[in-house]
Amino acid sequence: MAGSDRMACGWCSRLALGTALVLLTLALPHPQGQARAQDMSAMEVVPPQVRGAVTSLVETMRIGEIIEVLRDEGIEYGRTLETDMFPGAGGPGWSAAVEQIYDPARMKQAFEDGLVRELARAPDGIAPMESFFGSELGQKVLRLEIEARRALIDDAAEEAAKLAWEDMSGADEGRVALLERFAAANDLVESNVMGALNANLAFYKGMAEGGAFGGEMTEDQMLADVWGQEAEVRQQVSDWLFPYLALAYAPLTDDELDAYIAYSESPAGQQLNAALFAAFDGVFSPVSKALGLAVARELQGQDI
């Protein structure tokens with residue numbers, strides 16, 4: 001989905017997908033207040049060995065590389081925002097603002113803090129997570145997911161992946177069924193729809209905070225507008241998701257993919273999947289809000 005199509009659903013064009021590449025799962029509106037205070041309190045009492053285990057898992061899962069790819073996607077999305085909202089007027093200042101928002105060190109630290117909070121609730125699951133992703137198959141899967149995400153930054157590669165998925169859909173029912181089972185095991189469609197809507201709401205809030213709506217758009221109106229995008233977002237999620245999965249896992253044998261699905265369906269796989277969505281939400285909801293605020297300031301500067 002290119003150009004203005006991306007603007008229709010904000011972040012949904014560049015979702016993090018797959019067990020290792022999930023993003024944003026919390027329902028609207030984003031939790032605030034007491035829940036956030038409880039999260040901070042939980043961080044203070046996490047045993048050092050749990051944090052150490054999560055830090056090791058973050059390295060095993062190559063989260064730093066994933067963040068770099070997501071940052072590249074974000075920089076590209078910043079260019080799309082400029083083209084669609086203030087074409088040719090952003091200049092070096094806009095580019096610098098977007099790069100600052102997508103600071104990879106800060107993003108990685110926010111992700112790790114979120115993962116610690118999530119996994120500290122049931123730390124016995126961390127060892128099997130480390131075992132799977134530290135295995136030969138786990139590392140192969142991670143490499144393929146990262147390579148596919150990097151490839152799909154290019155619009156031509158994305159279109160080619162969609163055509164390949166269409167061909168597969170008509171010729172290889174067994175493989176299609178495996179990929180659909182994988183998506184279902186990880187709740188990828190529903191979780192990513194919620195993630196995209198969450199990010200859109202955060203973007204609206206940033207725009208409102210920056211004065212882009214002149215105080216005329218209430219939070220209820222923002223929510224109504226965001227939920228009004230749900231059907232379109234759901235379709236765009238599906239249109240992106242399955243070509244991505246087909247591309248990423250093409251080198252896997254059916255037995256390897258089946259083993260990955262079995263892990264995803266296990267208690268540890270389910271726990272990690274939910275934790276990753278929540279941790280990435282802690283990264284990208286603030287990022288989306290910051291982008292909305294930056295856009296509002298850019299628009300106001302041009303009005304002046």
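Axes are lines fitted to the C-alpha atoms of a helix, over the stretch in contact, and the angle between two of them is taken between N-to-C directions. The model on display is predicted. Two packed helices are described by the angle between their axes and the distance between the axes.

**First stop: α3 and α7**

Select residues 48-60, helix α3, together with residues 126-133, helix α7. Their axes come within 10 Å and cross at roughly 20 degrees. Angles under 35 degrees count as roughly parallel, and α3 is therefore roughly parallel to α7. The crossing of these two helices is left-handed.

Next, display the side chains at the contact. From α3, select V50, A53, V54, S56, L57 and T60; from α7, select I126, M129, E130 and F133. Coloured by class, the residues of this contact comprise seven nonpolar, two polar and one charged.

**Second stop: α6**

Move to residues 104-119, helix α6, which has 16 residues. From its first C-alpha to its last, α6 reaches 22 Å, close to the 22 Å expected at 1.5 Å a residue. Then highlight the buried residues of α6: M107, F111, E112, G114, L115, V116, R117, E118 and L119.

Finally, select helix α8, residues 136-151, and helix α14, residues 254-265. The axes of α8 and α14 come within 11 Å and cross at roughly 95 degrees, so the two helices are roughly perpendicular to each other. Where they meet, L137, K140, V141 and E145 of α8 face E256, A259 and Y260 of α14 in contact. This contact has four nonpolar, no polar and three charged residues.

Conventions. Residues numbered from 1 in each chain as written. Predicted model: local features only at pLDDT ≥ 70, side-chain atom pairs only at ≥ 80, totals over all residues. Heavy atoms only, no water. Axes fitted to C-alpha atoms, helices over the stretch in contact; angles between N-to-C directions. Helix = DSSP H or I, 4+ residues; strand = E, 2+ residues; numbered from the N terminus. Parallel < 35°, antiparallel > 145°, perpendicular 65-115°, else oblique. Left-handed = near helix turned anticlockwise from the far one by under 90°. Contact = heavy atoms within 4.5 Å. Nonpolar A, V, L, I, M, F, W, Y, C, P; charged D, E, K, R; others polar. Expected span 1.5 Å × (residues − 1). Buried < 20%, exposed > 50% of the residue type's maximum accessible area, 1.4 Å probe, protein only.
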